[in-house]
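Subject: Structure for you to look at

Hi,

Here is the structure I promised to pass on. Please open it and keep it beside this email while you read.

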Amino acid sequence: MKRKENVYLTCPECSSVEILVYEETAWKLLVNGDFEHYCQSVKLHDAEAESRCLDCDWTGSRSNLVEWKDERI
């Protein structure tokens with residue numbers, strides 16, 4: 001049986017796993033007669049998603065978080 005591997009994202013400053021990653025959506029309505037609209041979203045798995053550590057208040061992007069592998073079942 002293959003061992004289950006859990007991967008956690010940790011804070012680069014204090015190594016905590018108490019991390020928030022934000023999903024953002026922005027809408028812009030261009031009113032120029034034809035009501036064009038524009039939507040940009042950042043999903044939780046995107047590297048540029050905003051992140052914050054709940055323990056030390058570090059803020060940055062998801063790409064700055066450090067992976068930690070727990071090989072326990």
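Start with the surface. The chain has an accessible surface of about 5900 Å². Carbon and sulfur atoms account for 49% of that area. Please keep in mind that this is a predicted model.

**Overall build**

The chain has 73 residues, and 18% of them are buried. It holds seven strands and zero helices. Along the sequence, the pattern reads β-β-β-β-β-β-β. Now take the contacts between residues at least 6 apart in sequence. Of these, 52% join residues at least 24 apart.

**The three-stranded sheet**

Look next at strands S2, S5 and S6. They form an open sheet in the order S2-S5-S6, and the pairing is antiparallel. S2 (19-21) and S6 (59-61) are the edge strands, so each pairs on one side only. On average, neighbouring strands in this sheet are turned by 25° against each other, direction ignored. As background, strands of a sheet pair through backbone hydrogen bonds, either parallel or antiparallel.

Now go through the pairs. S2 and S5 are joined in the antiparallel sense over three bridges. Leu 20 has Arg 52 in S5 as its bridge partner.

Which residues of S5 are on the covered face, and which on the uncovered one? Ser 51 and Cys 53 make up the covered face. Glu 50 and Arg 52 make up the uncovered face.

**The core**

The largest nonpolar core has five residues: Cys 11, Ile 19, Cys 53, Trp 58 and Leu 65. In soluble globular proteins, nonpolar side chains tend to be buried together.

Leave out residues up to four places away in sequence, and Cys 11 touches Ser 16, Ile 19, Cys 53, Cys 56, Trp 58 and Leu 65.

**The cysteines**

How many disulfides does the structure hold? The count is zero. A disulfide is a covalent bond between the sulfur atoms of two cysteines.

The cut-off used here is 2.5 Å. Seen from the other end, Cys 56 is in no disulfide either, and the sulfur of Cys 11 is its nearest cysteine sulfur. Cys 56 has 34% relative accessibility, so it counts as partly exposed.

Last, find Gln 40. This residue lies in strand S4 (residues 36-42). Is Gln 40 buried, partly exposed or exposed? Its relative accessibility is 43%, so Gln 40 counts as partly exposed.

Gln 40 is in contact with Glu 24, Thr 25 and Ala 26, leaving aside neighbours within four places in sequence. Take Thr 25 as an example. It is 15 residues from Gln 40 in sequence, and the two C-alpha atoms are 5.8 Å apart.

Best wishes

Notes: Residues are numbered from 1 along each chain as its sequence is written. This is a predicted model: local features need pLDDT of at least 70, side-chain atom pairs count only at pLDDT 80 or more; totals for chains, interfaces and linings use all residues. Side-chain values use heavy atoms; hydrogens and water are left out. Helices (H or I, at least four residues) and strands (E, at least two) are DSSP runs, numbered from the N terminus. Buried means under 20% relative accessible area, exposed over 50%, partly exposed in between (1.4 Å probe, protein chains only). Contact means heavy atoms within 4.5 Å. Accessible areas come from the Shrake-Rupley method with a 1.4 Å probe; for residues, only the protein chains shown count as cover. A nonpolar core is a set of buried Ala, Val, Leu, Ile, Met, Phe, Trp, Tyr and Cys residues joined through side-chain atoms within 4.5 Å. Two strands pair if DSSP finds at least two bridges between them. Axes are lines fitted to C-alpha atoms, for helices over the stretch in contact, and angles run from 0 to 180 degrees between N-to-C directions.
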